[in-house]
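Please open the structure in your viewer and keep the selection tool at hand.

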Amino acid sequence: MERAVMVEREQGDDSEEGVVLRRPFSYIIRSCWYIVLASILVCACLGLILSFVKSPTYESSSVLYVTSGADDNAQSAYQGSLASQQRVSSYVKLVGSDSILSLAVGRAGSGLAVDEARESIRATTEPGTVLLTVIGSGKSPEAAAALSNGVANAMVEYVSELERPSDDGSPLAKLTVVSEAVPNGDPVSPNTRLYCVIGAAIGLVLGGAVVVVRNRLDNKLRDRSQATDVTGVPVLVEVPEDISVSDGLGVDFSTGSSLVSESYRKLRASLDFLGFDGSARSILITSAVPGEGKTSTAVNLAKVIAESGSSVVLVDADMRRPAVARRLGLTSEIGLSDCLRGEIDWDHALQKPLPGSSLQVIAGGQCPPNPSELLASERARGFFTKLEERFEYVIVDSPPVIPVVDAALLSRICDSVLLVARVGKVKIAELDAAIEELAAADSQPRGLVLNGVMPGEGAYSYEYGSPSKVRA
């Protein structure tokens, strides 16, 4: 089976850090949408808070009409209108001059400095018109109106003097206040809605950046679809996180249904679809790295197979760190290492952990100095062949694939390999490396067992059973 590999290595980099997972965009959105949503909500709330904290600003405007020349005939009126339109753009700039502001501030008695007044006043005009609008702002509606009217009146007086000819004749242009500024109680700033929209936009950008960085740096296995995409191996079952399994106590299949027990029963049913030939069914249980729950999987799978009435033997082939005997309360004094050294026959190493059960166990025995050499021997192959002749199922717990070669050696002996992967622990690079190590031994995992899946995150949830032991 070809793997749908989505793991790429940076050119010239064979290290684990050089492995980059190319996740589908749909996966990124599905798995990280809450980060973007939370960022949008937080930033929008900050914008709302800022709008409440910031002091309000009010505006008020007065309108002036610009006239030029005399209106004694149509021609003069037309020329005067053109002159007014030309002058009004200059008057816009004149509003912010020191002369106008000094005169306006002095008469208003507001206590503002000229520079402060300049920041609080502005003028606008529309092309083709002779109207000049003076807009004043302040911390209160009254202050804004007073500043606008003060500047408008100062403009009327100053322009009258500015446009008066040297012969003391009539001014060539004048300003007339046609609309005085009145206090407006609606603040123009802060705009609460605008602050929230800007905050939400900033949150969207920040959330998107966090998702991109998180996706780039996150190199751990997260869910079922990702496991299948990376390995090309079908996921047979997702085992929920459970206190008893995590503590090494195993699953009690005699107490009825639970999320975990049903997941192992599903795994048992899936074995029929692994493509066995004949009656020999030796299954190697391994993982990429330590701590993924391979021993728990081997113990519970053996127990649930025995529950169905099939004869099964569980072999602890992890002779470096044997744990099966301790999990089941058996002796570890004799076991596989003794059988492979020829010190005892395999049937003398069998132990029965559960009365009335068809499950039997061969512990790891004393830790030998050369476990790899023992597993690579012809005696090891003959040992497992005899077990396959005696039992319907042979479940083999092996060391992890990456640290030592033991699992690769055992994969050549056993009929099938199940690879255990713990969600949130194993890295994509490690899982990819484990697949490559097994492929180098001419072996391909028949299925994946995902451990540590939080309840509700799996492909489906069970309708029956008590999840009381499931860790929240």
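Two strands pair if DSSP finds at least two bridges between them; strands are DSSP runs of E with at least two residues, while helices are runs of H or I with at least four, both numbered from the N terminus. This is a predicted model, in which local features need pLDDT of at least 70, side-chain atom pairs count only at pLDDT 80 or more, and totals for chains, interfaces and linings use all residues. Residues are numbered from 1 along each chain as its sequence is written, and side-chain values use heavy atoms, with hydrogens and water left out.

**The sheet.** Select residues 312–316, strand β9, and residues 393–397, strand β12. These two strands pair in the parallel sense over five bridges. Within this pairing, V315 has V396 of β12 as its bridge partner. Now display the whole open sheet: its eight strands follow the order β7-β14-β13-β8-β12-β9-β11-β10, and the pairing is mixed. At the edges are β7 (235–240) and β10 (350–351), each of which pairs on one side only.

Next, select residues 294–307, which form helix α10. This helix lies across several strands, including β8 (282–287) and β13 (416–422), where contact means heavy atoms within 4.5 Å. Helix α10 runs at about 165 degrees to β12; axes are lines fitted to C-alpha atoms, for helices over the stretch in contact, and angles run from 0 to 180 degrees between N-to-C directions. Then select residues 378–390, helix α14, which lies across β8, β9, β10, β11 and β12 at about 140 degrees to β12.

Return to strand β12 and select D397. Is D397 buried or exposed? With a relative accessibility of 0%, D397 counts as buried (buried is under 20% relative accessible area, exposed over 50%, partly exposed in between, with a 1.4 Å probe and protein chains only). The side chain of D397 makes a polar contact of 3.1 Å with that of K294 and another of 2.9 Å with that of T295. A polar contact is a pair of N or O atoms within 3.5 Å; within protein, one must be able to donate a hydrogen and the other to accept it, and residues adjacent in sequence count only if both atoms are side-chain atoms. Leaving aside residues up to four places away in sequence, D397 also touches others, among them I285, A298 and V324.
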